[in-house]
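This report describes one protein model for a reader new to structures. Please look at the sequence and the model below before reading on.

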Amino acid sequence: MSKRSSAVNTGLDERAGSTSALGSHERVVDKQKMLLSADVGHFSLVRAMHLADLITLMNGFCGVMSIFSSLRYCLGDPNEHANVWIALAFLPFGLFFDFFDGRVARWRHKSSLMGQELDSLADLISFGVAPAAVAFTIGLRSLVDTAALAFFVLCGLTRLARFNVTAAVLPKDASGKSQYFEGTPIPTSLGVDAIMAYWLYNGSVLDHLPLGVWLEGSVLEFHPVALIFVLHGCMMTSRTIRIPKP
């Protein structure tokens with residue numbers, strides 16, 4: 001057999017394998033769409049979910065429980081910080097489930113558009129809204145502070161939407177994964193969570209936040225540490241920051 005024939009056959013085999021894998025993926029997606037759009041049948045939504053989707057929901061669960069813990073602190077004794085610690089503790093577990101769902105999806109060869117949307121929404125809760133709720137809880141409560149926190153959450157929302165739109169056109173490695181993150185991934189907000197945990201450990205919360213409060217008593221009153229969230233939001237939406245994927 002000539003080298004050209006061998007190359008052609010190899011190319012045909014690779015194309016056949018690729019077509020087979022694509023067809024398998026399309027069948028999975030079509031089955032999920034059918035179950036989701038079915039007019040009859042009990043628990044069609046539950047039956048349409050893959051194992052990876054259920055793990056993704058655990059990520060969202062951690063974020064929601066963190067928010068509830070933050071609210072519980074606001075309703076209780078401000079000198080009792082147990083609920084703030086619980087709120088912060090849920091967030092690393094959210095990251096665990098965020099990593100784990102992708103591994104399970106690749107292992108079972110069952111990725112889906114629904115799973116992608118679930119992943120983005122769960123990330124927004126666990127790494128956007130929940131950290132902002134903790135920040136409000138520990139003292140970033142002025143009008144300007146909350147505007148900064150809202151900016152952070154909206155930047156996270158925009159970054160996730162951009163990723164969903166551009167993921168298909170970003171350069172891929174041999175395994176089919178994107179080679180880099182465009183802007184800092186939203187789970188990097190765990191770094192901000194670590195900073196807040198350090199403040200909490202040192203008792204630097206509420207009226208004792210680092211750098212104090214500026215323009216106190218005016219409508220523009222704010223805590224300079226709120227700028228950390230503004231900076232992080234800008235980094236998430238940046239197109240010039242490219243972080244290689246592990």
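## A pair of helices

Helix 6 passes helix 8 in a left-handed crossing; a crossing is left-handed if the near helix is turned anticlockwise from the far one by less than a right angle, and right-handed if clockwise. Helices (H or I, at least four residues) and strands (E, at least two) are DSSP runs, numbered from the N terminus. From helix 6, the contact (heavy atoms within 4.5 Å) involves residues including Phe-152, Cys-155, Arg-159 and Arg-162. From helix 8, Cys-234 and Met-236 are among those taking part.

Two packed helices are described by the angle between their axes and the distance between the axes. The axes of helix 6 (residues 143-166) and helix 8 (residues 227-237) come within 8 Å and cross at roughly 15 degrees. Axes here are lines fitted to C-alpha atoms, for helices over the stretch in contact, and angles run from 0 to 180 degrees between N-to-C directions. Helix 6 and helix 8 are therefore roughly parallel to each other, as angles under 35 degrees count as roughly parallel, over 145 as roughly antiparallel, 65 to 115 as roughly perpendicular and the rest as oblique.

## About the model

This is a predicted model, in which local features need pLDDT of at least 70 and side-chain atom pairs count only at pLDDT 80 or more, while totals for chains, interfaces and linings use all residues. Residues are numbered from 1 along each chain as its sequence is written, and side-chain values use heavy atoms, with hydrogens and water left out.

## The whole chain

The protein chain has 8 helices and 2 strands. Starting at the N terminus, their order is α-α-α-α-α-α-β-α-α-β. Of the 246 residues, 40% are buried; buried means under 20% relative accessible area, exposed over 50%, partly exposed in between (1.4 Å probe, protein chains only).

## Cysteines

How many disulfides does a search of the whole structure find? The search finds 0, where a disulfide is a pair of cysteine sulfur atoms within 2.5 Å. For Cys-234, the closest cysteine sulfur is in Cys-155, at 5.8 Å, which is too far for a bond. Cys-234 is partly exposed, at 39% relative accessible area, and Cys-74 is also partly exposed, at 34%.

## A buried glycine

Gly-183 lies in the loop between strand 1 (180-182) and helix 7 (190-201). Its relative accessible area is 0%, so Gly-183 counts as buried. Beyond its neighbours within four places in sequence, Gly-183 is in contact with Arg-159, Arg-162, Met-235, Met-236, Ser-238 and Ile-241. Gly-183 and Met-236 are 53 residues apart along the chain, yet 4.6 Å separates their C-alpha atoms.
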